[in-house]
Amino acid sequence: MLRLGGQIIGFSEPNSSSVSKGESISDTIRTIECYADIAVMRHPKEGAPRVASLSVDFPVINAVDGGHQHPTQTLTDILT
């Protein structure tokens, strides 16, 4: 993202956001949508990026969710 001239807004600890107070994935991603044009999401719960993508009008990239395969790694493998 930095090489493309963009900026990164992120948090890696759920406890550093309102998720620790019970905020849903849908609410969190809608808040992020106000500040970003795209989201790359890693989440320990399977299906979380899909839930997020159904809640917003911008792209949500699944960077790993639960026990599922790493989809961006698969894309990288195909391209190489």
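What pattern does the protein chain follow when read along the sequence? I read the chain through and got α-β-α-β-α. My tally for the protein chain is 3 helices and 2 strands.

**Entry: confidence.** I noted at the start that this is a predicted model. The protein chain has a mean pLDDT of 83, and I found 85% of its residues at 70 or more. Then I went element by element. Helix α2 comes out with the highest mean pLDDT, 92, while helix α3, residues 71–79, has the lowest, 70.

**Entry: the strands.** I looked at how β1 and β2 are arranged. Strand β1 covers residues 39–43 and strand β2 covers residues 60–65. The two pair in the parallel sense, and I have 5 bridges down for them. For one facing position I picked Met-41, which stands opposite Asn-62 in β2. I then followed the path from β1 through helix α2 (residues 48–53) to β2, and these three make a right-handed β-α-β unit.

**Entry: Pro-44.** Next I stopped in the loop between β1 and α2, where Pro-44 is found. Is Pro-44 buried or exposed? Its relative accessibility is 73%, so I put Pro-44 down as exposed, the cut-off being over 50%. I also checked a pair here: Pro-44 and Asp-65 are 21 residues apart in sequence, yet 5.4 Å apart in space from C-alpha to C-alpha.

**Entry: burial overall.** With two residues checked, I wanted the figure for the protein chain. It has 80 residues, and buried ones make up 20% of them.

**Entry: the largest pocket.** How much space lies in the largest pocket? I have it at about 1200 Å³. The lining of the largest pocket counts 32 residues, and the closest to its centre are Ile-9, Gly-10, Phe-11, Ile-32 and Val-40. Looking for elements that give two or more residues to this lining, I found α1 and β1. By class, I listed 18 nonpolar, 10 polar and 4 charged residues in the lining of the largest pocket.

Note on methods: Residues are numbered from 1 along each chain as its sequence is written. This is a predicted model: local features need pLDDT of at least 70, side-chain atom pairs count only at pLDDT 80 or more; totals for chains, interfaces and linings use all residues. Side-chain values use heavy atoms; hydrogens and water are left out. Two strands pair if DSSP finds at least two bridges between them. Helices (H or I, at least four residues) and strands (E, at least two) are DSSP runs, numbered from the N terminus. A crossover is right-handed if, with the strands pointing away from the viewer, the path from the first strand over the helix to the second runs clockwise. On a 1 Å grid over the protein atoms alone, a cavity is a set of points where a 1.4 Å probe fits but cannot get out, and a pocket is an open set with protein on both sides within 12 Å along at least five of seven lines; lining residues have an atom within 4 Å of a point. Grid points are joined across faces, edges and corners, and a volume is the space filled by probe spheres set on the points. Ala, Val, Leu, Ile, Met, Phe, Trp, Tyr, Cys and Pro count as nonpolar, Asp, Glu, Lys and Arg as charged, and the others, Gly among them, as polar. pLDDT is the predictor's confidence in each residue, from 0 to 100. Buried means under 20% relative accessible area, exposed over 50%, partly exposed in between (1.4 Å probe, protein chains only).
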